[in-house]
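This report describes one chain of a structure, moving from its overall dimensions to selected elements and the surfaces between its parts.

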Amino acid sequence: MSNIYKAFENKKAFIPFITCGDPDVETTKAVIREAVKNGADLVEIGIPFSDPTAEGPVIQGANLRALTGGITTDKVFDMVEELRKDITIPMVFMTYANVVFSYGSEKFISTCKKVGIDGLILPDVPFEEKEEFLNLCEKYDVDLISLIAPTSENRIAMIASKAKGFIYVVSSLGVTGTRSEIKTDLSSIVKVIRENTDVPCAIGFGISTPEQAAKMAGISDGAIVGSAIIKILEKYGKDAAPYVGEYVKSMKDAINLLR
Amino acid sequence: MTNPNGRFGIHGGQYIPETLMNAVIELEKAYDHYKNDPEFNRELTELFNEYAGRPSRLYYAEKMTKDLGGAKIYLKREDLNHTGAHKINNVLGQALLAKKMGKTRLIAETGAGQHGVATATAAALMGMECVVFMGEEDTKRQALNVYRMRLLGAEVIPVKTGTATLKDAVSEAMREWTSRIDDTHYCLGSVMGPHPFPTIVRDFQAVISKEIKEQILEKEHRLPDAVIACVGGGSNAIGTFYNFIEDKDVKLIGCEAAGRGIDGFETAATINTGRVGIFHGMKSYFCQDEYGQIAPVYSISAGLDYPGIGPEHAHLHDIGRAQYVPVTDDEAVNAFEYLAKTEGIIPAIESAHAVAHAMKIAPQMGKDQIIVITISGRGDKDCAAIARYRGEDIHE
């Protein structure tokens, strides 16, 4: 078992997503440290991919800026290793199957363990294809995070009963990006998840305001926010860290009011 | 050739977001039902014959044969189909299937525009809504096809992300499908993407090799020594190969777009320069860098300008059943002009890649041997680009 459970222990989790290397690694490190200082419970670090098919325009832009800035998988591992000297909360990677596969899946996942990564989110690896990654994740004690979508319906029980770490509940159809309104009946989805597992679940996709974060964390065990943070990076670039910190605090404060 | 998990050897699979899983499962169930349904097959055959103009001719290219002085050359004339390419075979099949599934809207990606035109055509015929994603770069290279799609009632969305070519159009169509699944069928244009697409598209394109076999047996009373087709994703090639896979004496040759040559970066020859990876829903060969970032590929042909290849081709390569050869821009353009002057047939620049390879091997073969080249499409759409390649600026 990884350390992911600690993010949800006696609290609702706030989970920021940050694309590594946008616009450079130094900024990413500063942003992650600020997010942790201001109450992040788990950090989701994106390893950029040239063709991120599950992402909307905002995170696509972050991937492009990071790759243009020269980020590589090896540099991401180096960054995590350094952050681990002072950051104790769980950290997970979000990337695409080819980034892991082309690095050599075993080399990638064993390095995750070595540098202190607790989990791996691969949005293009559904339940049916997870075996080739899951066996290695179990070998190296890295949780392969399952995703559940508004269209999962009859698949929720199957996915939830095998889930590890936490479950990423996708709030809406489509790709990542902020949304003014989330229409999916998430309470019903979470109910089925809870009937099938004790693994915590957090909701992501489309969340940007403290009100939305509180509402989503109220329904589930936590809220995941990506595009709204990337927009801050888009705006402030290398100076983004304090602004991200301020934003994380406002989101975490809203979630804390639930207690 | 497909095992139950949609695998061709190690290739294929379903590497897609969870959001799409029930959609592909629903598609697979519907296809498994309708592929054996006599009424569905009767309707599809009628569309093929009465609407698309099948069977397409198998033409003996006598002048070309004599000029090259070797093997006897036949051309499978998919360029004579309605809409001018093989793409209509797959599209009529998928549109009919989508209609039976109760879908009212088709979305598609397109490179050269041939698949987009075919999808817009089927949508018009069947009274369905149609949205086509096309790389912005390709909308410029193939402006005439953009107009044709709009004329047919489709909406064309230029894709500006990445290299603004075919791979980005596929990514954008996939993103669109995750946002609207209920009423929408993603009419994928090649033997690629997640299972069951590589199998469905292959089955609808297999009519090409089924006809070649019947026609060559009637004309020559024997099978050909080689069948040759161009390969991007690989739909006309798999259609050309499929019914010959078990006939081990028939060589299967796929011609990849080498662009400016396979020693440089400006190429789209996936088997010749790529390695195994996972992208666009499938495991297969892809042009990529050491960290798995997909390479910005290049070819003069917008239809072959794709960094991957269908999983069944990847498998046929692995087991040595089919051979995949690189053909450069220059060789393809020469073949384009050669076929026009020699036989009075202007092939698509995609198909010209296959003609180019036949021009290399035919002279080395005996006069008693037979080659079939699939002319996957007609070349009207390419005339302006080829003129530009030769330094002549013409306005369409």
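The sections below treat chain B as a whole, then its domains, its elements and its side towards chain A.

## Overall form of chain B

The model is predicted, and every value given here should be read with that in mind. Chain B contains 16 helices and 14 strands. Its radius of gyration is 19 Å, close to the 21 Å that the globule rule gives for 396 residues, so chain B is as compact as a globular protein of that length.

Of the 396 residues of chain B, 62% count as buried. Among the contacts in chain B between residues at least 6 apart in sequence, 74% join residues at least 24 apart.

## Two domains and the surface between them

Chain B is divided into domain 1, made of residues 14-48 + 87-201, and domain 2, made of residues 53-84 + 206-389. Taken over C-alpha atoms, the centres of these two domains of chain B are separated by 22 Å.

Across the boundary, 33 residues of domain 1 of chain B are in contact with 32 residues of domain 2 of chain B. On the domain 1 side, at least two residues each are supplied by strand 2, helix 4, helix 5 (114-126), helix 6 (136-141), helix 7 (143-151), helix 8 and helix 9 of chain B. The residues on that side of domain 1 divide into 15 nonpolar, 14 polar and four charged.

## Helix 9, an enclosed element

How many of the residues of helix 9 of chain B are buried? Nine of the nine residues of this helix, which covers residues 197-205, are buried, so helix 9 of chain B is largely enclosed by the rest of the structure. The buried residues include F197(B), I200(B) and F204(B), and also R202(B) and D203(B).

The surroundings of helix 9 can be named element by element. Its buried residues pack against strand 2 (11-15), helix 1 (18-34), helix 4 (87-100), helix 10 (207-220), helix 11 (235-241) and helix 13 (311-318) of chain B.

## Strand 4 and its neighbours

Strand 4 of chain B, residues 72-77, is mostly covered, since five of its six residues are buried. Strand 3 (residues 58-60) of chain B runs antiparallel to strand 4 of chain B and is joined to it by three bridges; here Y60(B) stands opposite Y74(B) of strand 4.

Strand 4 of chain B also pairs with strand 14 (residues 370-375) of chain B, in the parallel sense and over six bridges. In strand 14 of chain B, I375(B) is the bridge partner of R77(B).

## D67(B) in helix 3

D67(B) lies in helix 3 of chain B, which covers residues 62-68.

## The side of chain B towards chain A

Between the chains, 26 residues of chain B are in contact with 32 residues of chain A. Strand 2, helix 1, helix 8 (166-179) and strand 11 (275-279) of chain B are the elements that give two or more residues to this side of chain B. Helix 8 of chain B provides the largest share, six residues. By type, the residues on the side of chain B that touches chain A divide into ten nonpolar, 13 polar and three charged.

Conventions:
Residues are numbered from 1 along each chain as its sequence is written. Chains are lettered from A and ligands numbered from 1 in the order in which they are written. This is a predicted model: local features need pLDDT of at least 70, side-chain atom pairs count only at pLDDT 80 or more; totals for chains, interfaces and linings use all residues. A residue is buried if 20 or more other C-beta atoms lie within 10 Å of its own, exposed if 12 or fewer, and partly exposed in between; C-beta atoms are placed from the backbone. Helices (H or I, at least four residues) and strands (E, at least two) are DSSP runs, numbered from the N terminus. Two residues are in contact if their C-beta atoms, placed from the backbone, lie within 7 Å. Two strands pair if DSSP finds at least two bridges between them. Ala, Val, Leu, Ile, Met, Phe, Trp, Tyr, Cys and Pro count as nonpolar, Asp, Glu, Lys and Arg as charged, and the others, Gly among them, as polar. Domain bounds come from an automatic or database domain assignment. The radius of gyration is taken over C-alpha atoms; the globule rule is 2.2 Å times the number of residues to the power 0.38.
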